[in-house]
Amino acid sequence: MTAVTASISTRRQALRLPAEVTSFVGRRHEVAEVRRLLCASRAVTLTGVGGVGKTRLALRVAADLSRDFRGGVWFVELAGVENPDLIAQVVVESLEIRDQSASPPMDVLLQHLRDRQALVILDNCEHLVQECAVLAETLLRASSGLRILSTSREPLGFVGEQTLSVPPLELPGSDRLPAESLARFDAVRLFTERARAVLPTFEVTADNRDVVTRICRRLDGLPLAIELAAVRLRALSVQQLLDRLDDRFRLLTAGSRAVLPRQRTLRALIDWSHSLCSEQERLMWARVSVFAGGLDLDAAEAVCAGDGITREEVLDLVCGLVDKSILLREEHGSRVRYRLLEIIRQYGLERLAEHGEVETFQRRHRDYYRELAAQARRQLFGPAQVAWFARLRLEHANLHTALEHCFAHREEAEAGLTMAADLLYHWITGLSLGEGRRWLERGLAACPRPGEPRARALWAAGWLAVIQADLPSARAMLRESRAIGERLGLDSVLAYVALYDGMVAMFDGDTERAIACYEEALDRHRATGDPVGTVLALIRLSLAYSFRGDSESAIAVGDECLAVADAHGEGWHKAYMMMALGVDVWRQGDLPRATELETQSLRFNRMVDDSLGAGVNLEVLAWIAAAEGRHERAARLLGALDTVWETLGAPLSGYGHLAHYHDECVRLTRKALGPEAFDAAFEQGCRLSDDEALAYALQEEEQGGGSLPGNGSAAGERAPAATGPAGRAAPGAQAPLTRREMEVARLVAQGLTSKEIAAGLVISQRTVDSHIEHILAKLGFHSRSQIAVWVGEQADTADSLEGGGRPGRGKPGGGP
């Protein structure tokens, strides 16, 4: 990257908040107060007992303020973080910082947030108070545009922190209020809405108003308690519900209610929910509490069955816990997962400890995810590859927990080292390489024995170091791996060492030595029958031949690589091979063919959310545009790339030998356009979101008749749409959505799931979810149903204006 391109980089806005799956009730005063505090202070902590609604309040305020933070609004869930040393890494992942450098996570955060106007929510800090205080204060001192909103059961206690104690929901002061008056009390409104979710006919009437009021008061207006109680209306009347609450809470309310902590009331409610479960359901509740971040049915059957629960009984028990709102059901593509609220999970862990079974089920959990990692490695190269990438991302928290358990027991450290190496592609395709490398290095420090596990972990960590451009560390690890491989006769190890030695040689500018290493690696991988190593060697060999100017050899090995990938039904390595072939075809001057190769590769990399691969694709497409004389397009792509490489932390990460092509493209494009026009187009590219940049690179905006964001105004931003009541986009107004977002919105309105939309548009489900988040933010909505209504209003208005036509179907008046 040149200094001038880096100086023009513009930050892009992002909204990364969990979607609200239930309505947000009340809290008008608290929302206003938190907003006021955030205007007056850069750090606000919401305190209160568990279940009082701190997280929901923080999320609502963040959504309301999202447009005020150009650097994005980000949510960091800390409830599942048990090791304080990992807080900075968790924040890096939550902020989606795709850092490929070898820098410590805190340094990465400081660099990333330094000039950004951003809001970061640190959720559930109570078990990491001191560490969160240090992190927050350090980040705030380094970034003047940063705001931090935390939730905790106690203040974090650092300079500049403002706190707000979140109270329970407002309660009626009397049992005798008219039914219609009760709706103004937030606790009653919440109970009513949640009751309707399980009993659609439920209403607060003159007959039940006193009972409803007393239930809400018995529960002290705690949102979680009210929600847990309301679900019981599936089987009980409101009077029966009140009677059971009275019976269960009699002991806890015997003294002065004013001096009893509300947490005991909440715990009593959870105790009561526990008592309503069967003995087997209680066992299941305790056992599933060892999972972090959720679980699926396969995991539940593997870990929780046995000792009182047969494998065949697990499904019914899971369904029972879902019915009782102990487990929350969530859909992720074709898989259904289950999650426990953290307070419910901690309760389950306490019960598991009472039975003396924590270690037993943590060990089962570790064994399951250790085997899952090994299975993913075995099935890496084949048609199930993309599904495995997605599944491992969903299981990231559980993988982390399993690794932590391995390294906490000396006798299991080697198993942890093997697991960390098995997850190599998970680290590469995830948000950061840093965590994977730290797990590997932790295992290497704990396992000095020079055996095959250490040798494999060394070359795996060496590859990560190469991608991070940490060549001294890479050389040292590869050297030791080679020594072990030669001593033990490990041909597979020697093949991978030769491969990564070739990458180091390319970084050093020694193309001939690199080719020799790649050819050695290819011969060894063919001999051991390793298709993964074979295609990796062929990709790198093709790039090296092309760099040397030997196009014939580059194309020949490229074709061989594509044949191997196709034979196995593999897509990811094939996409990289098409990228490499595109480079050589571009060098030969066949620009249409080069474009075809790069766009095919880019579509796959977009589907699997591979920023590194997509970045290299954008590079080559920029070079092609410059060669075609489309200099304004080239400049915009270069602008988009500036942000891509800054985000990843390493320009052309792992492909540094191509950097001179980038620099030459910048020089020629600037010369063709002139400095002023180049800078303007470059800045427009910087302003593109990730999705908009990829759509522009694929020319989807142009093909669909849309316009590039940034072409309309001097500031490079889309003009605001006319709005209706409450800030909603008015029917018939210019849609504030991009062409792709409008396309997704229409599919949402048709009732399609994210998975179905992703399949239809040939993009990843994660990208679909990102589009939906953007749509919700732009329209000021909080649910898919609101999107559907808005789309219908747009269509109805189009019908009235165009005689029943649809936007985009011919000219006004319905003509062809």
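Predicted model: local features only at pLDDT ≥ 70, side-chain atom pairs only at ≥ 80, totals over all residues.
Figure 1. The secondary structure amounts to 39 helices and nine strands. Among contacts with a separation of 6 or more, 71% are made by residues 24 or more positions apart. The accessible surface is about 33,000 Å², and carbon and sulfur atoms hold 51% of that area.

**Figure 2. Gln-468 in the loop between helices H22 and H23.** Which residues touch Gln-468, leaving aside neighbours within four places in sequence? The contacts are Gln-100, Ser-101 and Ala-102, together with Leu-433, Gly-434 and Arg-437.

**Figure 3. Asn-124, a residue with a positive phi.** Asn-124 is not a glycine, yet its phi is positive, at about 65°. You will find Asn-124 in the loop that links strand S4 (118-123) to helix H6 (129-142). Is Asn-124 buried or exposed? With a relative accessible area of 17%, Asn-124 is buried, since the limit is under 20%.

**Figure 4. Asp-307 in the loop between helices H13 and H14.** Although Asp-307 is not a glycine, its phi is positive, at about 55°. The relative accessible area of Asp-307 is 55%, so this residue is exposed, a label that applies over 50%.

Conventions: Residues numbered from 1 in each chain as written. Heavy atoms only, no water. Helix = DSSP H or I, 4+ residues; strand = E, 2+ residues; numbered from the N terminus. Contact = heavy atoms within 4.5 Å. Buried < 20%, exposed > 50% of the residue type's maximum accessible area, 1.4 Å probe, protein only. Areas by Shrake-Rupley, 256 points an atom, 1.4 Å probe, with all protein chains shown as cover.
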